[in-house]
Protein chains: 2
Amino acid sequence: MRAKSFSGMACSIAGALEAIGDRWGFLLLRDLTLGLSRFDEFQSSTDIPAQTLSDRLKHLESTGLLARRRYQERPPRDEYALTPKGRDLWMVLAALREWGDRWRAHGTTAPPLDMIDRDSGNPLELAVVDAKTRRPVKAERIRVKAGRGADMRMKRRLSSGAMRRPELHR
Amino acid sequence: MRAKSFSGMACSIAGALEAIGDRWGFLLLRDLTLGLSRFDEFQSSTDIPAQTLSDRLKHLESTGLLARRRYQERPPRDEYALTPKGRDLWMVLAALREWGDRWRAHGTTAPPLDMIDRDSGNPLELAVVDAKTRRPVKAERIRVKAGRGADMRMKRRLSSGAMRRPELHR
């Protein structure tokens with residue numbers, strides 16, 4: 001499926017990308033998050049070639065993001081559902097969607113999908129909050145630092161980039 | 001670089017993935033967000049093959065995520081910095097990192113990178129907030145619906161998946 005594994009890089013981003021696999025993996029996670037579950041549904045949603053789809057579903061199963069269930073024996077037919085680990089990627093998909101909405105990367109006239117509050121109907125969006133108080137924090141206050149699991153490379157990235165690190169606020 | 005373009009899918013997630021390119025694109029965006037700017041810094045950070053690195057930098061420039069600046073003429077050397085559009089992807093990276101931290105996808109003993117509040121030093125994390133009031137909203141209240149830009153496929157995904165759509169809360 002690819003030349004180089006992204007696991008073993010001591011980076012949570014690389015590890016997440018390894019679990020997802022490639023760009024088709026992201027689109028399948030989108031469809032699974034929206035509730036699609038069958039091979040032909042994924043095909044008609046994405047126009048993904050059948051062999052590629054089969055490979056990517058196997059990959060997502062092998063990395064624990066989805067579970068396969070046989071729902072018919074003759075002919076054999078499986079359906080797929082996200083595991084809790086796979087479902088937990090929804091925030092990654094939301095962040096990609098919001099960026100694509102802001103920069104009109106959807107290529108159409110307006111956002112194709114809205115995230116709303118079930119109770120109030122208000123639009124929802126991602127924000128950064130204090131992990132303890134749950135209060136939103138302005139982007140200019142965000143800083144990064146080496147975590148307990150930082151290896152030499154992470155420390156080098158942080159020190160090399162320190163003076164040129166862009167502010168995160170838009 | 002790849003067989004199929006993800007633009008023209010009328011999906012903000014697909015459009016964002018097209019702009020980023022592939023998994024190397026994500027790692028380069030990580031490094032640029034941390035402040036790395038030079039070819040050899042990206043190489044030593046990621047072990048990416050030189051030709052692949054060159055291709056991916058060109059791709060990120062062509063999709064408007066980074067800008068190239070010549071800082072030395074003999075021999076010619078360029079440095080790279082995120083544009084506002086590229087910098088704005090930091091929340092996607094944060095979401096991938098948080099997921100990798102939660103599921104120990106980093107493959108090491110503890111999270112390699114922490115996001116903290118400059119002022120209080122408290123850990124920060126992503127959350128979903130009401131876009132108007134900025135108040136956090138519990139995950140079980142999140143719903144999706146067709147946006148004004150939804151095409152037939154998006155509407156079909158939403159209707160096919162409606163009964164099987166997983167709750168988003170962990």
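In chain B of this predicted model, a hairpin of four residues joins strand 1 to strand 2, where strands are DSSP runs of E with at least two residues, helices are runs of H or I with at least four residues, and both are numbered from the N terminus. Strand 1 and strand 2 of chain B pair in the antiparallel sense over six bridges, pairing being assigned if DSSP finds at least two bridges between the strands. Within this pair, Leu66(B) stands opposite Leu82(B) of strand 2. In a regular strand the side chains alternate between the two faces of the sheet. The loop between strand 1 (66-72) and strand 2 (77-82) of chain B also holds Pro75(B), which is joined to Arg74(B) by a cis peptide bond with an omega of about -10°.

Residues are numbered from 1 along each chain as its sequence is written, while chains are lettered from A and ligands numbered from 1 in the order in which they are written. As the model is a prediction, local features need pLDDT of at least 70 and side-chain atom pairs count only at pLDDT 80 or more, whereas totals for chains, interfaces and linings use all residues.

Chain A contains seven helices and five strands, which follow one another from the N terminus in the order α-α-α-α-β-β-α-α-β-β-β-α. Taken along the principal axes, the C-alpha atoms of chain A fill a box of roughly 60 × 45 × 35 Å. In chain A, a cis peptide bond with an omega of about -10° joins Arg74(A) and Pro75(A), and Pro75(A) lies in the loop between strand 1 (66-72) and strand 2 (77-82). A further backbone feature is found at Arg134(A), which has a positive phi of about 65° although it is not a glycine; Arg134(A) is placed in the loop between strand 4 (124-130) and strand 5 of chain A.

The contact between the chains, in which residues are paired if their C-beta atoms, placed from the backbone, lie within 7 Å, takes 95 residues from chain A and 95 residues from chain B. On the side of chain A that touches chain B, the largest share, eleven residues, comes from helix 6 (residues 90-102). By class, this side of chain A has 48 nonpolar, 18 polar and 29 charged residues, with Ala, Val, Leu, Ile, Met, Phe, Trp, Tyr, Cys and Pro counted as nonpolar, Asp, Glu, Lys and Arg as charged, and the others, Gly among them, as polar.

Strand pairing also crosses between the chains, for strand 5 (residues 142-146) of chain A and strand 3 (residues 113-117) of chain B pair in the antiparallel sense over five bridges. In this pairing, the bridge partner of Ala146(A) is Leu113(B) in strand 3 of chain B.

Helices meet across the contact as well: Ile13(A), Ala14(A) and Leu17(A) in helix 1 of chain A meet Arg23(B), Phe26(B), Leu27(B) and Arg30(B) in helix 2 of chain B. By class, this helix contact has five nonpolar, no polar and two charged residues.

Key
Contact = placed C-beta atoms within 7 Å.
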